[in-house]
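Dear colleague,

Please find below the structure that I am handing over to you. My notes on it follow, arranged by topic.

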Amino acid sequence: MTDSIRFLMCAPNHYDVDYVINPWMEGNVHKSSRDRAVEQWEKLYHVLKDKAIVDLVAPQKGWPDMVFTANAGLVFGNIFVLSRFYHKERQGEEPYFKEWFEKQGYTVYELPKDLPFEGAGDALLDREGRWLWAGYGFRSELDSHPYLAKWLNIEVISLRLSDERFYHLDTCFCPLTGGYLLYYPPAFDSYSNKVIEMRVAPEKLIAIEESDAINFACNAVNIDKIVVMNKVSDRLKTRLAKVGFEVIETPLTEFLKAGGAAKCLTLRVTEPVQADRRENVMVESRTIRMEGHLLDSGLISRALDLIVENGGSFQVLNFNLGEQRQSTSSADVKVSAPSHEIMEEIISLLIDLGAVPPPQEICDANLEPVIQDGVGPDDFYVSTIYPTEVRVNCQWVKVENQRMDGAIAITETPEGIKAKCKILRDLKVGEKVVVDVVGIRTIRKAESREQRNSQEFSFMSGSVSSERRVELVVEQVAWELRQIRDRGGKVVVTAGPVVIHTGGSEHLTHLIREGYVQVLLGGNAIAVHDMEQSTMGTSLGVDMKRGVAVRGGHRHHLKLINSIRRYGSIAKAVEAGFITSGVMYECIKNKIPFSLAGSIRDDGPLPDTQMDLIKAQEEYAELLRGADMILMLSSMLHSIGVGNMTPAGVKMVCVDINPAVVTKLSDRGSIESIGVVTDVGLFLSLLVNQLDKLTSRYNVAQTV
């Protein structure tokens, strides 16, 4: 027996599965055998008593889970941090454990009542006493970790649990003597796995398989070179033996029904203490404010879910609910993250939802100079599609040329401070760039429920579905196109050659001719196949009327390119009477600006095709300025490129037979974007028919 090692246990006199507070309890309520549980507990008790000192705390009627003493709290030296149980079913255990440790002479620390922390179930000391591994995600909150670091004067390493089956750290993580670690990697998120791999030498990491994990192989008690556990595979036992550990198996199946095993049934009260330890914790906290129709828009729920899903934790400090339907609400939320890196990611996402610092905490953005043309500073803020303001010299400055995936450059001019979205290659020495996420906010218009519901035309959410009635979307798009045209707005069409191949050319030319299109963006191919059809009746060598390949038709597009090159441009070919119909013809005749961006696969190319990628991007960006709507018609690369250049507030309709394309556009997160999975030729035909109906109704109304 080792006198220097002591454990606290609680007899299972009142043990049963009386409720469900974890996945293991589901289906096991009142299905545990009290006699078998006592027998299994006694075996574990005697195994441990032969090798260490075991103290007992008296079981209490009405608290069946008190047998799991690991959750009583955390012991370090003469300090005991009392647990704050997450579920009310266990909160009644707290005073009994507090009383026991006070009587033993421990200094007892208590966390705030609304801050869950479940003791040594979620806080495991490195067996060398170097640091404390602390879990969070299901039963313990991340905000408890700074308290632990302060009270125990130790470094705390936060690990996020991501599999609800392994709701406590000790169900999937077991530090062993000599710096070894027995753990189940899939129970943690990717960041936590990286942290573990950085802290533990590769040769000392013992990752287990799911078959051992679900038998709670990690929920083990380690005494020197002995590991006591419920059940272990021969393979894992061999691996442990190779690094010097002896495994003792003792069945604990009755306790698995409640989600616990050997480690859960014990609380080690003697832990290694290093004299030179220092308080340290990576947890970072910030407070953000959200304003608007937080409840009826679901905005507050989205924000809180976003925090948790990305590895953070939250506490709602204040929530002021609007008193009337038209009133807005506000909430101050404390956000915590296990590292600065994760905090930056979470805050960036919250900024997209309109989050800002509370008024008392508003400060200027962090700026760093550009020291090399075309290169931004490290950690520069990456812009989004949403209208953005940046705080400089204690004032909010609107960011110009809003687009996603750019940097925000700050310059001082005689007129004042200017903030502008720039892609990295356009950054110049002398400019300053926003880094970090401090002093950034996006502008969201607060609309009441009545305003949202009274819109005659409203875009659907950004979801993508091939089941959606195309006719319904067409009606909405036609209505909006008519509104934009009548008020002198701007519609940009991004189109691929599939528009021509599917018979959509005549419908797109109709839209241009009738004034529904103000800009055309595409590549070399759409112009080539459009003009091939107008001059030879084929597209990719296929007769567009009969749908059959024409002898020698595969050469038609090259002949067309050669002819246009002879004229010198599409406009000159139209002026000469060579091109007399089609999409490009209508663009020239109606003075509709267009840009054709080239690629490595282009034949020819046409004289009008811009083969300089940077210049093509600049042309696209300039032509997109001021757009009210963008129709993206079966052109994956051009559509995605256009989407990246377009700020929020511009309605986008992406039509493609390939769901992946429309999904990519809807992933922008803009509610103004909708995707339609259908044949583009059919879509354009229905759209023209619907516009004609609207025109007929308008003419009838005018006559009346």
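In which loop is the place of Asp224? Asp224 sits in the loop between β12 and β13 (226-229); helices (H or I, at least four residues) and strands (E, at least two) are DSSP runs, numbered from the N terminus. Before going further, please note that this is a predicted model, in which local features need pLDDT of at least 70 and side-chain atom pairs count only at pLDDT 80 or more, while totals for chains, interfaces and linings use all residues. Residues are numbered from 1 along each chain as its sequence is written, and side-chain values use heavy atoms, with hydrogens and water left out.

Backbone features

Most residues other than glycine have a negative phi, and most peptide bonds are trans. Asp224, although not a glycine, has a positive phi of about 55°. Asp224 is partly exposed, with a relative accessible area of 42%; buried means under 20% relative accessible area, exposed over 50%, and partly exposed in between (1.4 Å probe, protein chains only). Asp405 is not a glycine either, and its phi is positive at about 60°. Asp405 belongs to the loop between β22 (395-400) and β23 (407-413), and its relative accessibility of 45% makes it partly exposed. A cis peptide bond, with omega about -15°, joins Gly604 and Pro605. Pro605 is in the loop between β32 (594-597) and β33 (609-610).

Helix α16 and its surroundings

Helix α16 (residues 556-567) consists of twelve residues. From its first C-alpha to its last, α16 reaches 17 Å, close to the expected 16 Å (1.5 Å times one less than its number of residues). Its buried residues are His556, His557, Leu560, Ile561, Ser563 and Ile564. Seen down the axis of α16, these buried residues fall within an arc of 165°, so they line one face of the helix; the arc is that of the directions from the helix axis to the C-beta atoms. The buried residues of α16 pack against α15 (524-536), β30 (538-539) and α17 (570-575). Just after α16, Gly568 has a positive phi of about 105°.

His529 is part of helix α15 and is buried, with a relative accessible area of 7%. Although His529 and His556 are 27 residues apart in sequence, their C-alpha atoms are 9.1 Å apart in space. Leaving aside neighbours within four places in sequence, the residues in contact with His529 (heavy atoms within 4.5 Å) include Pro497, Ile500, Thr538 and His557.

Cavities

A search of the whole structure finds four cavities of 30 Å³ or more. On a 1 Å grid over the protein atoms alone, a cavity is a set of points where a 1.4 Å probe fits but cannot get out, and lining residues have an atom within 4 Å of a point. Grid points are joined across faces, edges and corners, and a volume is the space filled by probe spheres set on the points.

The largest cavity holds about 230 Å³ of space. It is lined by 19 residues, of which Leu124, Arg127, Lys263, Arg268 and Glu271 are the closest to its centre. Among the strands that each supply at least two residues of this lining are β3 (73-76) and β9 (173-176).

The second largest cavity has about 60 Å³ of space. Of its 13 lining residues, Phe68, Asn71, Arg90, Tyr167 and Ala258 lie nearest its centre.

Yours sincerely

Methods. 1 Å grid on protein atoms, 1.4 Å probe; cavity = no way out; pocket = protein on both sides within 12 Å on 5 of 7 lines; lining within 4 Å.
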